[in-house]
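Dear colleague,

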Amino acid sequence: MTAAADMSTLGFEVVQRRRDGAVVWSRRASPYLVYWLTAHTDGSGELTWELALGEYFRALGLTFSAQDELSLFVFPSAELRGTLDEAWVASSIEEVEGLLRSIDLVSGT
């Protein structure tokens, strides 16, 4: 099975083929959370994500003290890197979702 087939089984779609041979996939996990996966020609992968925090809070009826709340995104300070295979990507997604589920806005942890 090819890497492209593996990633499509996880819900990713190819969104870009770069000149250096890298392929970029995207997966929308929710209306607010998008995963970005880059497959490099050496067989490694990079997973990152972005959460449309402004849109999410707006949908909850909350407002930020900024003029353009819809442009407020949260994303990791570093990508997750590993050997590009279905198990690594699935495990990385679980890691991200565990982090996002652990955020407690009431206690600040």
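Leaving aside neighbours within four places in sequence, L37 is in contact (heavy atoms within 4.5 Å) with M7, F12, V23, V24, W25, E46, L47, L84, W88 and V89. The model is predicted: local features need pLDDT of at least 70 and side-chain atom pairs pLDDT 80 or more, while totals for chains, interfaces and linings use all residues. Residues are numbered from 1 along each chain as its sequence is written, and side-chain values use heavy atoms, without hydrogens and water.

L37 is also among the residues with the most contacts inside the largest nonpolar core, together with F12, W25, Y35 and V89. This core has 17 residues; the term denotes buried Ala, Val, Leu, Ile, Met, Phe, Trp, Tyr and Cys residues joined through side-chain atoms within 4.5 Å. Two or more of its residues come from each of β2 (23-28), β3 (33-39), β4 and α3 (DSSP runs, numbered from the N terminus: strands E, at least two residues; helices H or I, at least four).

E46 is found in strand β4 (residues 44-51). With a relative accessible area of 15%, E46 is buried (under 20%, 1.4 Å probe, protein chains only). The side chains of E46 and H40 are joined by a polar contact of 3.5 Å (a pair of N or O atoms within 3.5 Å, one able to donate a hydrogen and the other to accept it; residues adjacent in sequence count only if both atoms are side-chain atoms). Beyond four places in sequence, E46 is in contact with residues including W36, E79, R81 and W88.

Terms used
Buried means under 20% relative accessible area, exposed over 50%, partly exposed in between (1.4 Å probe, protein chains only).
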